Amino acid sequence: MKVLNVYYIVKPGKRDDFYNAVVKSGVPEKSRAEKGNIKYDYYFPADNENEVLLIEHWRDEAAFKFHTEQEHFKGLQSIKAEYVEDVRMDKFEI
């Protein structure tokens, strides 16, 4: 299984706007519907109002690669350009 912890550092005061734009675009719903997706959930850290944590679990590398080739994934890039200042990622193979 491939596990990713994606830390989005959003522009000050834009956390809710970023999350709402992502949901409105359908990225979470479409990602969860992909074959090989096990978990795709967003979290708001209580101690940082400008961070969003996305936890993704994929069956394997092939499922994750397929995900990165989808239109909704590509569309996420324009949302990030508008709201996100930095992205950090932890990747694990389990």
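**Entry 1: Asp17 and Lys14.** I began with Asp17, which is partly exposed at a relative accessible area of 33%. I kept in mind that this is a predicted model. The side chain of Asp17 meets that of Lys14 in a salt bridge, 3.6 Å from N to O. I looked up Lys14 too, and it counts as partly exposed, at 33% relative accessibility.

**Entry 2: other salt bridges.** How many salt bridges does the structure hold? I found nine. One of them joins Arg32 to Asp41, with the closest N and O atoms 3.4 Å apart. Arg32 has a relative accessible area of 41%, so I noted this residue as partly exposed. Asp41 is partly exposed as well, at 25%.

I then turned to Asp60 and Arg59, whose closest N and O atoms are 3.3 Å apart in a salt bridge. Asp60 is partly exposed at 28% relative accessibility. Arg59 is partly exposed at 43%. Next I traced a network: Lys2, Glu61 and Glu93 are joined by salt bridges that share partners.

**Entry 3: neighbours of E1.** I checked E3, residues 51–58, and found eight bridges to E1, antiparallel. Lys2 stands opposite Trp58 there. Strand E4, residues 84–93, also runs antiparallel to E1, joined by nine bridges. Which residue of E4 is the bridge partner of Val6? I found Met89.

Terms used:
Residues numbered from 1 in each chain as written. Predicted model: local features only at pLDDT ≥ 70, side-chain atom pairs only at ≥ 80, totals over all residues. Heavy atoms only, no water. Pairing = 2+ DSSP bridges. Helix = DSSP H or I, 4+ residues; strand = E, 2+ residues; numbered from the N terminus. Salt bridge = Lys/Arg side-chain N within 4 Å of Asp/Glu carboxyl O. Buried < 20%, exposed > 50% of the residue type's maximum accessible area, 1.4 Å probe, protein only.
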